[in-house]
Amino acid sequence: EVLSATEIVALVDRGEIVPFKADAEQGRGVITMFAQLGGVTVGILGARTQSGFGTETAVFKATQLIKAAEMTRSPIVKILGKSFVDPYRDGSADAVRVWNDYESQMQNSAVPHVALALDPEGIHAPHAYRDTDIKVYVNN
């Protein structure tokens, strides 16, 4: 459910990652990075902490990764757990605007999207899979 860069490093080609906006202090609950899987550069997006998408900054950071992946034509790998499935919505106008921008960017993205569900609850959250080309449940 909670993901670390160390776990991702163990899975990607040559153990090399390129963090994306790692200095975004309020967005640290979300992992955003680029790496290669099978020789293909991909954007990786997932919840690092239980709060995951718990701030507007985290949602904005995720949206920026999607835009960068789109510009580089890199597929997006979304790692879904409980934290990713329960998005931030405090009801404020800014929070709704930021979340709507994220969803719009995902919907309008032309690059392939792969979703890896690490939590059984992730399987039963259809909104998390919207605009996803491949869905995989990882039972560890």
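**Exercise 1. Find which residues Asp101 touches, leaving aside its neighbours within four places in sequence.**

Start with the contacts: with those neighbours set aside, Asp101 meets Thr63 and Lys67. Contact here means heavy atoms within 4.5 Å. A quick word on the model: it is predicted, so local features need pLDDT of at least 70 and side-chain atom pairs count only at pLDDT 80 or more, while totals for chains, interfaces and linings use all residues. Residues are numbered from 1 along each chain as its sequence is written, and side-chain values use heavy atoms, with hydrogens and water left out.

Helices (H or I, at least four residues) and strands (E, at least two) are DSSP runs, numbered from the N terminus. Asp101 has a relative accessible area of 30%, so it counts as partly exposed. The cut-offs are under 20% for buried, over 50% for exposed and in between for partly exposed (1.4 Å probe, protein chains only).

Last, check a distance: Asp101 and Val59 are 42 residues apart in sequence, yet their C-alpha atoms are 9.0 Å apart in space.

**Exercise 2. Check the length of helix H2 (residues 56-72), then work out what covers its buried residues.**

The expected span is 1.5 Å times one less than the number of residues. H2 has 17 residues and should span 24 Å; its end C-alpha atoms lie 25 Å apart, so the two agree.

Step two is burial. The buried residues of H2 are Ala58, Val59, Lys61, Ala62, Thr63, Gln64, Leu65, Ile66, Ala68 and Ala69. Their cover includes S2, strand S3 (40-47), strand S4 (76-80) and H4.

Step three is the end of the helix: Arg73 follows H2 and has a positive phi, near 55°.

**Exercise 3. Track down the aromatic pairs in the whole structure and describe each one.**

The search turns up two. Rings of Phe, Tyr and Trp (its six-membered ring) pair if their centres lie within 6.5 Å; planes under 30 degrees apart are stacked, over 60 edge-to-face, and the rest tilted.

Take Phe20 and Phe34: with 6.0 Å centre to centre and 80° between the planes, they are edge-to-face. This pair links distant parts of the chain, 14 residues apart, with Phe20 in the loop between strand S1 (17-19) and strand S2 (30-37), and Phe34 in strand S2. Phe20 has 16% relative accessibility, so it counts as buried; Phe34 is buried too, at 13%.

Now Trp99 and Tyr102: 4.9 Å centre to centre and 35° between the planes make the pair tilted. They are three residues apart in helix H4 (residues 93-108), so about one helical turn separates them. An α-helix has 3.6 residues a turn, so residues three or four places apart point the same way. Both Trp99 and Tyr102 are buried.
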